[in-house]
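These are my notebook entries on a single model, kept in the order in which I looked things up.

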Amino acid sequence: MTDRRSFVKASALTGLGVSILPNMGFGKSRKKKKGSDEGKARIGFIGVGLRGTWHLANALKRDDVIVPAVCDIDPERIRLAKERLEKAGQKKVTFYTEGEDAFRKMLTEEELDGVIISTPWLWHTPMAVAAMKAGVYAGVEVSAATTMAECWDLVNTFEETGTPCMILENVCYRRDVMAALNMVREGLFGEMVHARCGYMHDLRHVKFNDGKQPYGGGVEFGEKGLSEARWRTQHSVLRDADLYPTHGIGPIALMMDINRGNRFMSLTSASTKSRGLHDYIVKHGGKDHPNAKVRFKLGDVVTSTITTANEETIIVTHDTNLPRPYSLDFRVQGTEGIWEKDANKLYIEGKSKPHRWDDSKEWLKKYDHPLWKKYEAEATGAGHGGMDFFVLNAFVECVKQKIDPPLDAYDCAAWSAITPLSEVSIANNGEPQDFPDFTRGKWIKRKPVYPKQDEYLF
């Protein structure tokens with residue numbers, strides 16, 4: 001599912017369309033679908049590539065999940081999914097494979113409680129919207145939207161239908177992140193003032209391969225590439241923006257109570273020159289390779305500064321085209337202390353030695369979240385250091401209990417909006433861009449996601 005109408009006409013003027021519908025149905029009760037097994041969730045899967053297969057594998061380990069249907073248009077991925085499902089004893093599964101709209105048929109024909117969406121970015125919003133309109137909980141991979149119009153589509157559809165949409169941001173469940181959130185809620189850092197985060201990950205071997213393996217081995221992309229190289233790299237050709245903000249901003253948004261007593265107000269962004277992807281092609285494919293002539297629009301480092309209603313600032317960095325070790329660059333700073341993840345250091349006034357950093361290890365251990373203490377064994381081997389277990393667990397439990405998820409449609413919109421807003425800011429020489437209030441004022445009274453309770457959602 002790579003085309004999406006030629007990448008929405010080459011991504012022309014992304015982020016400029018906004019539609020607004022009246023606030024309808026927030027918090028209204030949702031009926032349990034007929035045929036659902038008591039105490040179990042009927043979860044369908046749209047997209048079973050590498051990411052979707054991880055989710056499927058984790059779901060099949062559970063005794064409270066039934067998988068009635070799977071949708072993917074790649075025959076090889078369907079074959080692999082069938083093998084997993086049969087091995088897990090789930091044989092009554094319908095497969096939807098015919099064309100790009102096969103997911104719509106699945107959503108209307110199957111009795112589903114929820115659906116996991118793990119497809120290329122351009123399909124996330126249309127699929128999540130279709131799920132909500134069908135009365136099916138939508139669990140959508142990151143980012144949830146690519147344009148401002150899509151951000152509003154997610155919010156408006158949720159408010160119209162009352163059917164939830166959860167952004168499956170697994171980093172919100174990373175062990176150190178949850179411990180830091182615990183510390184924020186306990187007041188260890190005092191009043192929040194500033195944070196840093198981002199996505200700094202050398203993706204050159206993801207954006208290019210030889211068409212035979214998903215990671216590296218060549219410099220092909222698009223129709224000649226495999227896996228993410230088949231669709232993800234084209235975004236770097238067409239867009240100069242923070243293309244992947246949610247791994248960093250998700251955890252920080254929770255710590256700053258975004259959409260729950262606070263909200264994003266404005267953003268300014270700047271972008272560097274683009275050299276990394278071209279140089280990689282020349283180095284590994286030669287200066288005469290056809291892809292050496294491609295001009296990549298994405299700057300190698302994109303830096304955005306966000307202001308909030310509560311007068312904090314957040315610096316968000318996107319850096320995926322240059323050689324570097326992986327980092328999400330977390331810094332959490334308040335009136336009483338600071339945590340810096342990359343240096344593994346922390347300072348709390350009155351508790352740390354004056355002007356001396358503490359090793360953060362003991363602090364994070366002391367404030368380890370109850371969820372991790374309870375489910376550490378189950379999380380082992382679930383993917384991404386265990387956090388994949390927790391994000392799926394939260395989705396499944398919300399589906400089973402018919403309650404709103406901890407990372408909801410408003411989060412989908414606010415976090416994903418960084419991409420189109422940064423694109424417009426960069427195109428206008430760093431001009432400040434205002435964030436819409438996706439909650440339409442509800443952020444003032446909504447309560448924070450609190451981390452102390454020993455439950456699935458924080």
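**Entry 1: pocket.** I noted that helix H2 gives the most to the lining of the largest pocket, with four residues. The model is a predicted one, and I read every value below as computed from it. I then looked up the volume of this pocket and found about 1200 Å³ of space. The elements that give two or more residues to its lining are H2 (50-60) and helix H8 (204-207). The lining comprises 42 residues, and those nearest the centre are Leu50, Arg51, Ser227, Glu228 and Trp231. Sorted by class, I recorded 20 nonpolar, 13 polar and nine charged residues in the lining.

**Entry 2: nonpolar cores.** I looked up the largest nonpolar core, which has 125 residues. Tyr173, Phe264 and Phe438 have the most contacts inside it. Helix H14 (residues 387-401) gives the most to this core, with ten residues. I also recorded a second, separate core of eleven residues, with Phe208, Val237, Ile281 and Ala292 among them.

**Entry 3: cysteines.** How many disulfides does the structure hold? I found zero. For Cys71, the closest cysteine sulfur is that of Cys165 at 17 Å, which is too far for a bond. Cys71 is buried, with a relative accessible area of 0%. Cys165 is in no disulfide either; the nearest cysteine sulfur to it, in Cys412, is 3.9 Å away, whereas a disulfide requires sulfur atoms within 2.5 Å. Cys165 also counts as buried, at 1% relative accessibility.

**Entry 4: aromatic pairs.** I recorded 18 aromatic pairs in the structure. I examined Tyr199 and Tyr326, an edge-to-face pair at 6.4 Å centre to centre with 85° between the planes. Tyr199 is in strand S8 (residues 192-200) and Tyr326 in the loop between strand S11 (313-319) and strand S12 (331-334), so this pair links distant parts of the chain, 127 residues apart. Tyr199 counts as buried at 5% relative accessibility, whereas Tyr326 is partly exposed at 43%.

I next examined Phe221 and Phe296, a tilted pair at 6.2 Å centre to centre with 50° between the planes. Phe221 lies in the loop between H8 and helix H9 (232-238), and Phe296 in the loop between helix H11 (276-285) and strand S10 (301-308), so the pair ties together parts 75 residues apart in sequence. Both Phe221 and Phe296 are buried.

Conventions: Residues numbered from 1 in each chain as written. Predicted model: local features only at pLDDT ≥ 70, side-chain atom pairs only at ≥ 80, totals over all residues. Heavy atoms only, no water. 1 Å grid on protein atoms, 1.4 Å probe; cavity = no way out; pocket = protein on both sides within 12 Å on 5 of 7 lines; lining within 4 Å. Points joined across faces, edges and corners; volume = space filled by probe spheres on them. Nonpolar A, V, L, I, M, F, W, Y, C, P; charged D, E, K, R; others polar. Core = buried A, V, L, I, M, F, W, Y, C linked by side-chain atoms within 4.5 Å. Buried < 20%, exposed > 50% of the residue type's maximum accessible area, 1.4 Å probe, protein only. Phe/Tyr/Trp six-rings, centres within 6.5 Å; stacked < 30°, edge-to-face > 60°.
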